[in-house]
Amino acid sequence: MQKNFSIAVLIFILSFYSAILKAQQPVRCVTSEYLQIQEEKFPGTLQQSIDVKNIARQWMQDHPEDLRNSYVIPVVVHVIWKTQAQKISETQVNSQIDVLNEDYNRLN
């Protein structure tokens, strides 16, 4: 009897943890689902979204020189460390800022 109870508890625990792990998988983007809900509430939303995208596409074709503006954003980096082994160099900080610049400029 004790063995059957232990097996039942083990199965319950495993199924419980598998449900938790499955629930923690993030959903990256729900734009399509949101637009569908908005279309149901407010008919014409999808067409309006398409129209706005077409207007933006046309503007980009008409103004290609305005697409790559650069902005300089002053950045302050605070490196907090407790031991010498945790300290990072200025080169590492600058390298990470370069990576961020590539990402934000869509060059990655």
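Tyr71, Ile73, Val75, Val77, Val79, Trp81 and Ile88 make up a nonpolar surface patch, with about 710 Å² of accessible area together. This is a predicted model: local features need pLDDT of at least 70, side-chain atom pairs count only at pLDDT 80 or more, and totals for chains, interfaces and linings use all residues. Residues are numbered from 1 along each chain as its sequence is written, and side-chain values use heavy atoms, leaving out hydrogens and water.

Me: Where is Ile73 placed, and is Ile73 buried or exposed?
Reply: Buried means under 20% relative accessible area, exposed over 50%, and partly exposed in between (1.4 Å probe, protein chains only). Ile73 sits in the loop between H3 and helix H4 (90-104). Its relative accessibility is 65%, so Ile73 is exposed.

Me: How many helices and strands does the protein chain have?
Reply: Helices (H or I, at least four residues) and strands (E, at least two) are DSSP runs, numbered from the N terminus. From that end the elements run α-α-α-α. The count is 4 helices and 0 strands.

Me: What share of the 108 residues of the protein chain counts as buried?
Reply: The protein chain exposes about 10,600 Å². Carbon and sulfur atoms supply 59% of that area. Areas come from the Shrake-Rupley method with a 1.4 Å probe; for residues, only the protein chains shown count as cover. Of the 108 residues, the buried share is 5%.

Me: Which side chain makes a polar contact with the side chain of Gln47?
Reply: Gln47 lies in helix H3 (residues 45-62). It is partly exposed, because its relative accessible area is 45%. A polar contact is a pair of N or O atoms within 3.5 Å; within protein, one must be able to donate a hydrogen and the other to accept it, and residues adjacent in sequence count only if both atoms are side-chain atoms. At 2.8 Å, the partner is Asp51.

Me: Which residues does Thr45 touch, not counting those up to four places away in sequence?
Reply: Thr45 is in helix H3. At 15% relative accessibility, Thr45 is buried. A polar atom of its side chain lies 2.6 Å from the backbone oxygen of Phe42. With contact meaning heavy atoms within 4.5 Å, Thr45 touches Leu35, Gln38 and Glu39.

Me: How far apart in space are Asn94 and Val77, C-alpha to C-alpha?
Reply: Asn94 belongs to helix H4. Asn94 is partly exposed, at 38% relative accessibility. In sequence, Asn94 and Val77 are 17 residues apart. In space, their C-alpha atoms are separated by 9.7 Å.

Definitions and conventions:
Patch = residues over 30% accessible without salt bridge, like charges linked within 9 Å, V, L, I, M, F, W, Y side chains within 5 Å. Salt bridge = Lys/Arg side-chain N within 4 Å of Asp/Glu carboxyl O.
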